[in-house]
Amino acid sequence: MQVTLRRKGLERRTMRKLDIILKELCERKSQLVTSFIAITLGITVIVGIRTVTFYSEKAVARELDNLGANVLILPKSATVSDYYSADFANAEVPESYVDTITASGLQGVDNLSPKLTMPVRLKDKRFILTGILPKSEFKSKPAWQVGGDIFTKPMGCGAVDVPGAKTSGDSDLDKAAVRKEVIKDLGPREAVVGFDAARLLALKRGSTVSVKNTNFTVRKVLPQTGTVDDSRIFAHLHTVQTMYGKGRVLSAIEVVGCCKEISKGLITGLNKALPDARVVTVSQIASTQLKTNNMMSQFSLVFLVIIVLVGGVSIANYMFANVQERRKEIGTLIAIGMSPRQLLSIFYGKALILGIVGGAIGYGLGTILAIWLGPRIAHIPVLPMPALLGWALGISVALSLLATAIPAKNAAGLDPAATLMEV
Amino acid sequence: MAIIATQSLVKTYGRGKKEVSGLAGVDLAVDQGDYVALVGPSGSGKTTLLLSLGGLIRPTSGKVIVDGTSIYDLKPAERIELRRSRIGFLFQTFNLIPYLTALENTQVPLMIAGRSCDEQQAIAQSTLERVGLGDRLHHRPSELSIGQQQRVALARTLANSPSVILADEPTGNLDPATVESVAGMLRELNDEGITIVMVTHDPRMAAHAGRVEKLVDGKVVVDELALAV
């Protein structure tokens, strides 16, 4: 048959339901524009917001990761800003708080890092001298082993090394910032220097740096972290305490707590154990960013509702009008033998195409919008999220099909005789 | 044996006091190969009777029997299948799908019947050639004359080789020359054995039919003029 057709020089013209759908769409495309714009814009906005939110959340997670600790124990009068600027103005907590925590039997403490931070000026530049306690000191203090299981990581906790607990091996200082790793050994006259501090003071391993007339040998220069650690000079806690005549006091205790345990009551336990200290969680530290993220999530939810309402109503309205306009055509198709199921498939097929095209273009535009807006409004680089394509198509197609259900049912249920007898 | 018959066919529209009679007990028998013209004044029930014969208007009472089967006792899907395979409709306003070409319009009933794409094209093309539109295959209805549009509609009617054609005022919108052309084609089809039941107001068209039935107020009546035809 096909050979005969070709011999006659007739190009092959198929006729399927899809052809009817596509040709009808092309014929009446102006009527489709409103619905198409509604659904495409809706998906564009949702994809844009979700993409920016996702990368914003990642940025927060990265910041928190850089922070290392997820709980800070500060003097009552100090703020988190004071902690980062090392501007404690003599606000301190006693070093015995470490004993209190270890002896309290609180579950979920992965790591403890007592710190005393003091601002120093070297070569007319401001640095932060930070007294820390090396891991070896934790191991050597019987009092800090009293808690026994306190440094045993509960199931599901992070992989941060725990002082005093069995570890898988020595950590390499080159690979991790001091916030995330407890320095294994640090002599009383040794210092570990942050990246910027080393650069500005021209320090390298083995150099000597003099702080308040105390000479320290640089044991290590830390890799760049992009955090406040880059301008820190880390020395032994007790050396710093002695240099400033502070006695056994601390500026802060950084705690790496197991997230599950934090929600189960670690913070409450710490507050009870240390009534004169301020216990701050990372959620509070990053509250502004988290609030922004929450707002973005709520925005995307609001837009989802709007798209469902506006897009759905628009598509349903278009389909109703389309059925009305095609009454005679539908009546004729029924008269020549089209079944209700075939008619339904034509309308649902049309909705499917509308949903797929609207969803795909909406995803594309939303992604472009996010890539353009991300660095401008959230100060973060944004990349396309292919996973959102399926999500966008799913919403768009589901909405189109849902909005088409009643008009399509009306079309399939049309009385052909009534439409054929209409003048 | 009658290929189409009605038994005491009654169709009433509306309810209660607003009830309007469409058909008031029609008994009609159309044999295989008959060419019957249904005539009568407007509102006499001609179109209602025609659409009832085609399975599109369920009667209030009575039966429509096609090939020995009471079609309104069939399941909807079976009635659709019967209409698809046995009956062809021809309308006064042609009812072509405006965004499809002549070839595509003719392919539609074949597509609905599940014929392959190659079959669709071959049958549609040969049918259009038969009605004299071999050179207008890819023209849309808006690019065709009124007469050509009705010929496309006729090709669509013939696509699935129906044994019965139900035509509702097929020449009502045509100029006299085209009326003759369409009348000639219907005559030719009837000569080939296709049964035709045609509603018409046009005495010239009725004259082509082998038999004329006059409807008045939903009933078939004996009419001298009709008998003369």
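A: In this predicted model, strands S4(B) and S5(B) pair in the antiparallel sense, over 2 bridges. In S5(B), B:Ser70 is the bridge partner of B:Ile65. The pair belongs to an open sheet of 4 strands in chain B, with antiparallel pairing and the order S2-S1-S4-S5. Strand S2 (20–31) and strand S5 (69–70) of chain B stand at the edges, and each has a single partner strand, so one side of each is left without a neighbour in the sheet.

S4 also meets a helix. The buried residues of H2(B) pack against strand S4 (61–66), and also against strand S6 (87–90), helix H3 (102–112) and strand S7 (164–168) of chain B. Helix H2 spans residues 76–86 of chain B. Its buried residues are B:Arg79, B:Ile80, B:Arg83, B:Arg84 and B:Arg86.

Now to strand S3 of chain B, residues 35–39. Here 5 of the 5 residues are buried, so S3 is largely enclosed by the rest of the structure. In a regular strand, side chains alternate between the two faces of the sheet. B:Tyr35, B:Ala37 and B:Val39 point one way from S3(B), while B:Val36 and B:Leu38 point the other way. All of them are buried.

S3(B) has parallel partners. It runs parallel to strand S8 (residues 195–199) of chain B, joined by 4 bridges. With strand S9 (residues 211–216) of chain B, S3(B) pairs in the parallel sense, over 4 bridges. B:Leu38 takes part in both pairings: its bridge partner is B:Val199 in S8(B) and B:Glu213 in S9(B).

How values were computed: Residues numbered from 1 in each chain as written. Chains lettered and ligands numbered in written order. Predicted model: local features only at pLDDT ≥ 70, side-chain atom pairs only at ≥ 80, totals over all residues. Buried ≥ 20, exposed ≤ 12 C-beta atoms within 10 Å, placed from the backbone. Pairing = 2+ DSSP bridges. Contact = placed C-beta atoms within 7 Å.
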